[in-house]
Amino acid sequence: MTGVDVAHLPPIAGTSDESVRRAIDTRKIVVCVEDCLDPVAGSAAAALVSVLARTFPHIDVRGDVAVGANPWGVSMLSEVLAVIERARPAATADADHEYVIAVGASIGAADLWLGGGDWTALVGRGPQPVQRCRTALGLHAGAAFAAAEAVKTALGPLGMLVVPMADLLSWNLIDYHLTPAPPVAAIPERLAIDLVLFGAGSVGSTIAGILACISGLCGNAVVVDPDIFDATRNPPRYPASTGNEVGSKAAWVAQLLAGAGLSSEHHAGQAGDWVRRQEHPGVAAIVVSSVDTLDGRLQVADAVARTTLTLGVGGMALHLQRSHHDDELACPFCEYVSAAPALTQTAARAAAVGLTIERVGDLELNHGLLTDGDIHAAVAAGRLDPARAADLVGRRLEDLLRRAYAEASVPTVGGGETRVGAPYVSLMAGVLAAAELVKSAMGIPLVDRRVDIDLTGVPLGVVSRPPRDVSGRCTCSSGLRRRWAARLYG
Ligand SMILES: [Zn+2]
């Protein structure tokens with residue numbers, strides 16, 4: 001890697017690009033772990049190191065613990081940095097100050113403490129206890145908040161619009177309120193999961209990475225994604241990556257899930273292709289979708305799964321939404337049809353990549369590939385570094401968009417923007433999906449219905465229930481489709 005993602009972007013008037021890189025590169029992140037962490041908590045500590053080390057070139061791990069099941073194939077925390085070396089940015093400056101994140105209450109001095117357990121995330125400016133863990137999902141969520149806080153404190157002074165956390169953030173993955181988790185049944189030793197994963201990108205691979213940290217999984221998984229792993233652009237955004245992956249993303253993610261104990265298969269194609277290949281309509285397994293195109297989302301809605309969990313990421317904000325085919329709440333596509341959001345979405349993407357709305361619409365609807373002319377237009381619009389443009393010809397629009405995807409925007413003096421990769425956004429999305437899958441395996445209620453988190457701020461502690469689109473233009477309004485779904489699931 002040549003540096004944090006600011007290096008991938010065109011030069012911006014003034015020295016702001018430099019100052020963002022400097023703010024990141026001069027800060028050494030120190031992760032201190034208490035030696036009594038159990039290996040399951042050790043996996044969450046490894047996830048914390050994994051996301052921080054993809055953003056900050058200077059990082060130090062103090063203390064060492066055993067790491068339980070994990071996607072990187074390490075057995076001790078001290079091995080993580082070497083294993084993900086190829087996914088890490090190079091430093092452009094020497095570190096001149098430290099920011100210390102402690103895992104466990106016995107660490108005496110730190111800027112931030114991470115604690116919690118299976119369902120509760122605790123992040124505080126004073127010591128926080130780590131509970132005995134079965135899944136450590138709450139700790140993983142806390143790791144995402146702690147990494148976000150490290151970036152906020154580095155970039156806030158430069159003008160990034162942030163809401164720093166108060167002295168204590170206490171939040172849980174059961175009801176998503178700003179409290180410790182309410183009592184629930186103990187998590188059993190065996191967790192049966194039946195999963196179809198549409199999308200094996202930064203979010204989909206992270207879901208698999210989190211599941212790979214949980215022992216005792218059984219069941220089936222299908223992973224569907226047409227893309228090929230990009231060894232330059234993907235590892236900084238993919239917390240589960242070591243930087244050594246090649247070939248089909250779906251195959252890689254299926255392999256992670258097989259390592260987690262699931263009987264898994266992959267399909268290197270679009271969601272719609274896989275749906276059409278099925279012998280019977282409908283999907284009884286839980287569909288977890290992180291596809292990031294309009295057309296892909298429509299294909300997911302058209303799969304008419306019994307239960308669909310949709311994840312969306314935009315900048316530093318993300319959401320998870322549960323939908324069903326048979327009620328009056330939103331389907332996976334509803335939010336994209338009302339009030340002409342399709343055009344808004346296309347317009348936003350056009351602005352992000354410097355192409356015309358018509359061209360972006362054409363690429364989206366027809367699965368078009370980027371031409372020489374597209375790349376020239378993106379370079380001319382200042383959206384693409386000419387030195388890194390040539391390899392994009394013949395790739396998909398998403399590859400061009402990805403440079404603006406899961407990134408922190410920092411308003412700068414010159415009026416432009418510079419960006420920093422934010423793999424902890426993917427980590428949080430992965431945790432949300434994994435938590436819902438564990439709940440489903442336990443037979444406890446899933447999210448009712450949507451949780452939104454903006455990692456430039458703090459969680460709001462609420463969930464929402466978006467209604468179904470009533471314009472009649474969404475695929476879920478079709479009477480035929482609804483009768484058909486009713487017949488499928490009763
Ligand atoms: Zn709908």
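What percentage of the 490 residues in the protein do buried residues make up?

Guide: The model is a predicted one. Buried residues account for 54% of the 490 residues in the protein. The radius of gyration is 21 Å, in agreement with the value near 23 Å that a compact globule of 490 residues would have. Along the principal axes, the C-alpha atoms occupy a box of roughly 65 × 55 × 35 Å. The protein contains 14 helices and 15 strands. Among contacts with a separation of 6 or more, 70% join residues 24 or more positions apart.

The domain assignment gives domain 1 as residues 5-172, and domain 2 as the two segments 191-339 and 423-489. Taken over C-alpha atoms, the centres of domain 1 and domain 2 are separated by 26 Å. Across the boundary, 32 residues of domain 1 are in contact with 29 residues of domain 2. Helix α4 supplies the largest share, with eight residues. By class, this side of domain 1 divides into 21 nonpolar, seven polar and four charged residues.

Helix α2 (residues 39-55) packs with helix α13 (residues 423-442) at an angle of about 150°, and their axes are 8 Å apart. Angles over 145 degrees count as roughly antiparallel, and α2 and α13 are therefore roughly antiparallel to each other. The contact is formed by A47, V51, R54 and T55 on α2, and by P423, Y424 and L427 on α13. In terms of class, the contact of α2 with α13 comprises five nonpolar residues, one polar residue and one charged residue.

There remains the loop between α4 and β6, in which P164 lies. P164 has 12 other C-beta atoms within 10 Å and is exposed, since a residue with 12 or fewer is classed in this way. Leaving aside residues up to four places away in sequence, P164 touches K152 and G156. P164 and T475 are 311 residues apart in sequence, and their C-alpha atoms are 40 Å apart in space.

Technical notes:
Residues numbered from 1 in each chain as written. Predicted model: local features only at pLDDT ≥ 70, side-chain atom pairs only at ≥ 80, totals over all residues. Axes fitted to C-alpha atoms, helices over the stretch in contact; angles between N-to-C directions. Helix = DSSP H or I, 4+ residues; strand = E, 2+ residues; numbered from the N terminus. Parallel < 35°, antiparallel > 145°, perpendicular 65-115°, else oblique. Contact = placed C-beta atoms within 7 Å. Nonpolar A, V, L, I, M, F, W, Y, C, P; charged D, E, K, R; others polar. Rg over C-alpha atoms; globule rule 2.2 N^0.38 Å. Buried ≥ 20, exposed ≤ 12 C-beta atoms within 10 Å, placed from the backbone. Domains from an automatic or database assignment.
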